[in-house]
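Dear colleague,

Please keep the model open beside them as you read.

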Amino acid sequence: MPHFAANLSMMFTEQDFPDRFQAAADAGFDAVEFLFPYDYRAEDVAEWCRAAGVEQVLFNLSPGNWDEGDRGLAALPRRKAEFKQSVRTALDYAGIIGTPRLHMMAGIADPADPTCQASYKDALAFAADAAGERGICLLIEPINRRDMPGYFLDDFDRAAELVDRLGHPNLKLQFDIYHRQILHGDVLTGLKSLMPLIGHVQTASVPGRNEPGSGELDDFRIFRTLDALGYEGYVGCEYRPRAGTLEGLGWLQGLRSE
């Protein structure tokens, strides 16, 4: 069975954010992830992890102004300075919290625009180099445009080509099962072919983005495939519980009892 990390931006939202770390630990998780830590002091986040006894395995670089529609800065040529500062800030947070992976969001931009393409490639090289100096893995993730209209990086093959072409040892692909199914389908084949490039996996049912086992995919077969492929990282539970976080954890209890 894979190792699972509770996504605290979507799970345990019945409680205030600082209390979600202990709630996740009490539910049997030994790791957590979330979207962004920047509303809090890094030292406080580190203490919440320490007190709960959980590892913080992933968060995102700043997306820019989320409330104004920003979904990343990397592919936006006019915001290069802001992007570089977001890399420095994220690395400082990761160093204090002890986070080994960061996800670089691409932004809302036209993937066919040469200036956006150049901006993204430059940003990717800059962030990978900076993260590598700190011993941190940088991740890029294709995201479907149904959930995030206009997102620049919306193709797994293109993402894999970027990772492979840059050839940076700490640059990896974030394989989100939910986004993969919506974008391309063929989840198992995708996992098998891309496994050498994968640095993190996330899960949610399709199409509702709820608990594993509640949608159109055989999520448990996918988890068994991850085991068979030798994947040793975490699977982030980036899903929205349908009727309460604890009430929806039957899928995980069932896996643990096998």
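**The cavity and its lining**

The largest cavity is lined by L73, A74, L76, R79, K80, F83, S119 and A123. On a 1 Å grid over the protein atoms alone, a cavity is a set of points where a 1.4 Å probe fits but cannot get out, and lining residues have an atom within 4 Å of a point. Please bear in mind that this is a predicted model, in which local features need pLDDT of at least 70 and side-chain atom pairs count only at pLDDT 80 or more, whereas totals for chains, interfaces and linings use all residues. Residues are numbered from 1 along each chain as its sequence is written, and side-chain values use heavy atoms, with hydrogens and water left out.

The structure holds one cavity of 30 Å³ or more, and the volume of the largest cavity is about 40 Å³, where grid points are joined across faces, edges and corners and a volume is the space filled by probe spheres set on the points. Two helices, α3 (80-97) and α4 (114-133), each supply at least two residues of this lining; helices (H or I, at least four residues) and strands (E, at least two) are DSSP runs, numbered from the N terminus. The lining residues divide into five nonpolar, one polar and two charged, with Ala, Val, Leu, Ile, Met, Phe, Trp, Tyr, Cys and Pro counted as nonpolar, Asp, Glu, Lys and Arg as charged, and the others, Gly among them, as polar.

**The chain as a whole**

The chain has nine helices and eight strands, and its C-alpha trace spans about 50 × 40 × 35 Å along the principal axes. Of the 258 residues in the chain, 55% are buried, that is, under 20% relative accessible area (1.4 Å probe, protein chains only). Among the contacts (heavy atoms within 4.5 Å) in the chain with a separation of 6 or more, 74% are between residues 24 or more positions apart.

**The loop between β7 and α8**

Which residues does P212 touch, not counting residues up to four places away in sequence? They are T203, D219, F220, F223, Y239 and W251. P212 is found in the loop between β7 (198-203) and α8 (219-228), and P212 is buried, with a relative accessible area of 4%. The C-alpha atoms of P212 and G248 are separated by 9.3 Å, although these residues are 36 residues apart along the chain.

Most residues other than glycine have a negative phi, and most peptide bonds are trans.

**F12 and helix α1**

F12, in the loop between β1 (3-7) and α1 (17-26), has a positive phi near 60° and is buried, with a relative accessible area of 3%. Within α1, the residues F17, R20, F21, A23 and A24 are buried, and what covers them includes β1, β2 (31-33) and α2 (42-52). After α1 comes G28, whose phi is positive, near 105°.

With best wishes

Notes:
On a 1 Å grid over the protein atoms alone, a cavity is a set of points where a 1.4 Å probe fits but cannot get out, and a pocket is an open set with protein on both sides within 12 Å along at least five of seven lines; lining residues have an atom within 4 Å of a point. Buried means under 20% relative accessible area, exposed over 50%, partly exposed in between (1.4 Å probe, protein chains only).
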